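Please look over the sequence and the structure below before reading on. The briefing that follows takes up an annotated domain, a pair of helices and a sheet in turn.

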There are 2 protein chains.
Amino acid sequence: MKDYLTADEWCIIEDQFLPEYHKISESIFSIGNGKMGQRANFEENYTGESLTGNYIAGLYYPDKTRVGWWKNGYPEYFAKVLNSPNWIGLNITVGSYTLDLHKVEISKFQRVLNMKDGYLKRCFEAKFPNGKIISVNTVRFYSMDEDDIGALEYSITPLNFSGIITVESYLDGDVKNEDANYDEKFWEKKSQHQTDNLSFLTQTTKKTNFSLCTGTATTFKVNNKQIVDNICFQQFDQFLSHSISLHIEQGNCLSTTKYASNISSLNHPENELQEVCHKKLEQAQSKGFKKLLEEQAASWSNIWASSDIIIDGDLKAQQAIRFNIFQLKQTYTGRDSRLNIGPKGFTGEKYGGSTYWDTEAYCLPFFLGTSDQSIARNLLKYRYNHLQKAIDNAQKLGFTDGAALYPMVTMTGDECHNEWEITFEEIHRNGAIAFAIYNYTRYTNDHSYLEKYGLEVLIAIARFWKQRVNWSIIKNKYVILGVTGPNEYENNVNNNWYTNKIASWCLAYTKESLLNLKQKNNHQYTELLTKTNLNEDTELADWEFISKNMYFPEDNGMGLILQQDDYLEKEQLLVKDLPVSERPIHQHWSWDRILRSCFIKQADVLQGLYFFEEEFELESIRRNFDFYEARTVHESSLSPCIHSILAARLGQREKAYALYLRTARLDLDDYNNDTEDGLHITSMAGTWMSIVEGFAGTRVKDDSLHFNPFLPTEWSGFSFNLNFRNQILKIEINQHQMEIENTSDQVISIHVKGKKIEIKEKSVHQIEL
Amino acid sequence: MKDYLTADEWCIIEDQFLPEYHKISESIFSIGNGKMGQRANFEENYTGESLTGNYIAGLYYPDKTRVGWWKNGYPEYFAKVLNSPNWIGLNITVGSYTLDLHKVEISKFQRVLNMKDGYLKRCFEAKFPNGKIISVNTVRFYSMDEDDIGALEYSITPLNFSGIITVESYLDGDVKNEDANYDEKFWEKKSQHQTDNLSFLTQTTKKTNFSLCTGTATTFKVNNKQIVDNICFQQFDQFLSHSISLHIEQGNCLSTTKYASNISSLNHPENELQEVCHKKLEQAQSKGFKKLLEEQAASWSNIWASSDIIIDGDLKAQQAIRFNIFQLKQTYTGRDSRLNIGPKGFTGEKYGGSTYWDTEAYCLPFFLGTSDQSIARNLLKYRYNHLQKAIDNAQKLGFTDGAALYPMVTMTGDECHNEWEITFEEIHRNGAIAFAIYNYTRYTNDHSYLEKYGLEVLIAIARFWKQRVNWSIIKNKYVILGVTGPNEYENNVNNNWYTNKIASWCLAYTKESLLNLKQKNNHQYTELLTKTNLNEDTELADWEFISKNMYFPEDNGMGLILQQDDYLEKEQLLVKDLPVSERPIHQHWSWDRILRSCFIKQADVLQGLYFFEEEFELESIRRNFDFYEARTVHESSLSPCIHSILAARLGQREKAYALYLRTARLDLDDYNNDTEDGLHITSMAGTWMSIVEGFAGTRVKDDSLHFNPFLPTEWSGFSFNLNFRNQILKIEINQHQMEIENTSDQVISIHVKGKKIEIKEKSVHQIEL
């Protein structure tokens, strides 16, 4: 756990350069715009520890997998988000010294991520060994509006001398992924081209043949007056630069403005990449840095209007929740249904930038609540687009007749993970993908997605479950053998309750949704039957029978749901009795010891109770919560938020708050000692959920929003904006009351603590708590 | 399955060159002498498919492991047997053509592995594109007596022309392992040196710093007259050669004799390697090829005297059993307790040449029955030498107080395997290592090993089991959770019966052996207590309590031992109903499908019944055999032999014979389509066991040899030599009688079909069957 950042309501601030935390800061101060993003690497040369990262959404490399022992069915490749050409680079020379924060004396350093307006800035003074001091100011951002454009401004002022300062502004395509399995480079140069202020580098990825043209436009100014003479431009292989050497008088300012554009074959014909890139750069130049930055602030202002959470009386909590929302919003904008949300977003290479079930289980509710519903719909569409590949994937594993198993980890629908206990056995992901369809429909009341796309996915998933169960003569029920649940600290278990539960639910929901469609639109229903080759009689009947005869492990004596068969055979220990020196257990214990212990990474019984809360008595939820929470080590970043929401539901307010704290500042305080690899983007959605679903108790039931709020004692109040069916509500909760403003021009009826309330358009309603 | 070899009682014969089977033949015709060995690569240049392999026992490289996702406790390296300098190489040039069997017309080809006398020979005629024909004869062997020496003779006769023939005889150190994880080379040159007929190359392995000097001595002869003039010698980096170009008259013979010696720092001081190598080569040269070959035949004659099996009436079976015995005997001689038996011996790289539990469970009985008992004792000693590392290994996994977990795969005692379900969970290996101590003691009546070394191993293993069990409140017994049994088609199961059984047995046997020692030699006992820091009261009592209160999964309704908890939850299918197109299932099914199926790789319940046969009623063995055999796919080469022995025991003679056939010609007929990777050396011991323990029904009970023989109907008789406590018995079984010759000078009392028989020294006894 670290504590080196300054608390602020709208900014993340590092007030002093700490080289030992630089890689952490590179992650935390990352910027992006949904289409591309980058770690907060320094523009100037830096020889200290650093992880360079520039990423373009949707571009990946199918790296050769690396396994100990190959198993039939393993994927051929592991998709890796590509580290792309580095466009921010500046070599600064003062006399015979190169500016390098690893080698100079630094003062007045400040790095700021301004989340309100969406940019990264930095300033510092550097003293060279010869005593010369320069002051540097930089601002950098990826434009949310002009989403092919990145821009930076870098200003140098000699403070105690006049002399020659050289700035070489470069574009470097000779980059590699730190996580390359065989130390290979993934890019090959296609062409490069230069004019007096422009550089273009077009490269192609090996195997996948993505082409990317990265262009930069560089201008130099002294005291805001552009310099056009004596600009020297040169190029080597995959490296293009513009440089200038000027005598700068003490106190004058030499600034470099640089625009970059990344144009890829994902969105443009291959032969037009440089042309498009050129046009984008010209547009950016004609708008100018100031205008772009103003537009950026306006864009973010719009985003915050529908998604901000305000916390009163706790500055660090305020900073943290905005940080989580900011990072999610700059990772995924929902404009392109081919894209998704990698666990690290644009902040690192780990997990290959691929899609996990995190998206459906955690990110979807966030985007539903904070964005136009088209955004969440695009997340669903991503899976629909991969349906055929999911069917192929299931076939590879021996399933037939249109059964689908969605990949555990994927970039374009192909499975990319290569541990059998996860790849082949963590099949609950199919359930989360189905549940997301239900969740979207419940929240939005938009049934068109379900009917047009969702049902095809549900049918294929139902077919998978049907083939995956087997009848146990001993239990006289259907069982699901050999699975890994969301609690990955158990592998290859029988009858994981969560998996059985979500499978049973899927089968029932698919049938019910089909029958609804049949009633509503028989023509569309018939078309669907034909398209999916569905046998209305036998398949639907089978699904119902299996769903109703699914086995659920329980301990009747203790009134507990059992995580899986034989869970109580384990030695029953509690997390509170674990020595601190042995935590996190995954860093101290061998895998077998973790597996045979009763300790839980994230409690999947509780995940199931969260999803299907309405089906269970509060007392049953309480019993299971108390049992499993005491055994859960929360070594998944996805774990505490669900526990926090349940604790809130159970009125265990202090517990709810304590669990919330584990998620909110996970990255800012480097809780898990791994922020340097990148941020935990997907679990950030859980932080938002902890407040909205936890503290505010927000649910959608019977076509209406329900709230059951409380105020954590540490706060004096909190408020948030919520987009519910295109009506934006401003909700404010303090110790005494809840205030709801209906900003829309239509009446809305909601429930607070079970009581129905109608709020007129453009009006505010207060409820005593 | 292939069928391209000619049947012969003493030889393996390939009568026609089949390039598509060349890699298979390279494995099958491999030669070795326990200290080194090689695949049957051609001496001359060959551009067809080939796997070059020259191996030195005990030399390995710790290759960087390759895993998908690292898990705490995984080994740092994977030991690899080293492909070593290639000393057999000859470049043959006739006119402008290089001899290459991939490019010439071949006739009269024959490759013969002479198992009686222990050498490999080959002859062929090669016709070059210009019509010139040469005849070639080669003989090659590794001397069993002079075990640092390999020798070859290569003769070329021009049949239809006279002309220049050039022979370049080389030593090539620029070799690599095909299975290198990162395509690295493992050797680095230290020095090279040449005289007019000698070449020396000294190389060192990276990381492990093994030094090896390989030397060759080359002489050329024409019609058996040595040529000393005009020998040209040259060297490049890691390559040294001697060559000669001579005009050879039609019908004359140009022959090359080459001796090689491999001297390593494993056995000699590093600065003396070349000197020792030189001396060995001089000794070989002074003996000469003919004498060395005569000695080789004599050595093998001795080996066969104590280990031959003769099968009457089935030439292919005869050839096969001798092939199995020959390969085992040339892989391991038992002279060096630092060495062990890799699953592929000197015949390929697969499995890294490391030691598995195969040694204790399969090879030990073979060497006990066919060799002096010191050989088997050295196999046990190997594990004793690794005891501290096994304790360290257990510590790494969280065990304490001197508990040992022997590695699953090892070269020098370090664990080298990196799949958690095997590395961490296939803990039954500890049991096999303990059982081998018991088995050795039972067979030899030599208690000194147990007392001096074995008990320390047993104590450490008992301590492991004690810590590995946990008390189940539900079962009111000790359980062992999260293991993989010998049936590797189940992973991470609870209460694998075999593991629980052998653990319980270990605990009891260790206690019993300690009490025996206490009674016999209290001084030695007290010393042992001190050395192992054993608490006589608490530890022994704990072991007994756990042993007696171990849980064993059973199905009382069917009278079955259950392979593991919940085995009967699976869909119960039979192997006979599996489509042929889906077998072997490990090549057709994904891992999860294999795991959740009821199909068994090798039946560990039956392995346990084999080990502990005396504890079970015949009817119980039959019930379990019939149940598990029907579900076993035998996709481990170690599987059929145990089933064959049990089938024999149960009087299921045809089944016993059918299962025997699966082991006997596994490699000769390439049954599993993988002989090209190398031979299944360790499972060859199972073939021997199937005859000796199966058909002959050999057991040691109550200090006496017992036989319960039958003759497979396909044979007219079989006989074998058995070394029992330094008395060699010749046992012959035909349809009507069993004849036992006691070749020793002491009386022996044995049991045949339960009846006690005394056989005088140097006499023969017949028993009607």
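**Annotated domain**

UniProt, in an unreviewed entry, lists residues 699-758 of chain A as "domain: Glycoside hydrolase family 65 C-terminal"; such annotations may be inferred rather than shown by experiment, and feature names are shortened. The model is predicted, so local features need pLDDT of at least 70 and side-chain atom pairs count only at pLDDT 80 or more, while totals for chains, interfaces and linings use all residues. Residues are numbered from 1 along each chain as its sequence is written, and chains are lettered from A and ligands numbered from 1 in the order in which they are written.

- Residues 699-758 of chain A are 0% helix and 63% strand, with the end C-alpha atoms 17 Å apart; helices (H or I, at least four residues) and strands (E, at least two) are DSSP runs, numbered from the N terminus.

**Helix pair in chain A**

- Helix H9 (residues 428-444) and helix H11 (residues 497-520) of chain A pack at an angle of about 45 degrees, their axes being 9 Å apart, where axes are lines fitted to C-alpha atoms over the stretch in contact and angles run from 0 to 180 degrees between N-to-C directions.
- H9(A) is therefore oblique to H11(A), a word for angles that are not under 35 degrees (roughly parallel), over 145 (roughly antiparallel) or 65 to 115 (roughly perpendicular).

**Sheet in chain B**

- Three strands of chain B form an open antiparallel sheet in the order E2-E3-E4, where strands pair if DSSP finds at least two bridges between them.
- Strand E2 (31-32) and strand E4 (54-56) of chain B are the edge strands, each pairing on one side only.
- E2(B) is joined to strand E3 (residues 36-38) of chain B by two bridges, and B:Ile31 has B:Gln38 as its bridge partner in E3(B).
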